[in-house]
Amino acid sequence: MPWKETNVMEQRKEFIKEYLQGMEDFKTLCKNYDISEKTGHKWKNRFLEYGYNGLLNQSRMPNKSPSQLDEDTVIRLIKLRTAHPSWGAKKLAIL
């Protein structure tokens, strides 16, 4: 008999389906799926907010980086670097 193959998305959908049926308490449901309650609440909340699309993996990249330069500064740096290719970071930082 071959192994039953499932992927993560199918398991998340089954988890949500069983949660919505309400046949078991949440703690037991999480235990059946070998996930923590925190993870179970995360998937439940994502489903309630976004539907099944919320169950997809999301990027872990931060929405905003404090060290990221704005577009105007990047353009200015590129122009200076093109005009003066031998200048290093110290001279460019002064300007």
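This is a predicted model: local features need pLDDT of at least 70, side-chain atom pairs count only at pLDDT 80 or more; totals for chains, interfaces and linings use all residues.
In which helix is the place of Leu92? Leu92 sits in helix α5, which spans residues 89-94, and helices here are DSSP runs of H or I with at least four residues, numbered from the N terminus. Residues are numbered from 1 along each chain as its sequence is written, and side-chain values use heavy atoms, with hydrogens and water left out.

Let me stay with Leu92 for a moment. Leu92 counts as buried because its relative accessibility is 12%, where buried means under 20% relative accessible area, exposed means over 50%, and partly exposed is what falls in between, with a 1.4 Å probe and protein chains only. If we leave aside its neighbours within four places in sequence, Leu92 is in contact with Leu77, Leu80, Arg81 and Trp87, contact being heavy atoms within 4.5 Å. From C-alpha to C-alpha, Leu92 and Leu80 are 7.5 Å apart in space, although 12 residues separate them in sequence.

Now to helix α4, which covers residues 71-83 and holds Val74. With a relative accessible area of 33%, Val74 is partly exposed, and together with Leu69, Leu77 and Ile78 it makes a nonpolar surface patch of about 320 Å². For such a patch, residues need over 30% relative accessible area and no salt bridge, and nonpolar side chains (Val, Leu, Ile, Met, Phe, Trp, Tyr) are joined within 5 Å, whereas like charges are joined within 9 Å. A salt bridge, in turn, is a side-chain nitrogen of Lys or Arg within 4 Å of a carboxyl oxygen of Asp or Glu, and the areas come from the Shrake-Rupley method with a 1.4 Å probe. Val74 and Trp87 lie 16 Å apart in space, C-alpha to C-alpha, and 13 residues apart in sequence.

At what angle do helix α1 and helix α3 pack? Helix α1, residues 8-21, and helix α3, residues 37-50, pack at about 80 degrees with their axes 10 Å apart, so α1 is roughly perpendicular to α3. The axes are lines fitted to C-alpha atoms, for helices over the stretch in contact, and the angles run from 0 to 180 degrees between N-to-C directions; under 35 degrees counts as roughly parallel, over 145 as roughly antiparallel, 65 to 115 as roughly perpendicular, and the rest as oblique. On the α1 side the contact is made by Arg12, Phe15, Ile16, Tyr19 and Leu20, and on the α3 side by Gly40, Trp43, Lys44 and Phe47.

Finally, the loops. Asp34, in the loop between α2 and α3, is exposed at 72% relative accessibility, and its phi is near 55 degrees, a positive value in a residue other than glycine. Most residues other than glycine have a negative phi. Pro66, in the loop between α3 and α4, is exposed at 85% relative accessibility.

Terms used
Helices (H or I, at least four residues) and strands (E, at least two) are DSSP runs, numbered from the N terminus.
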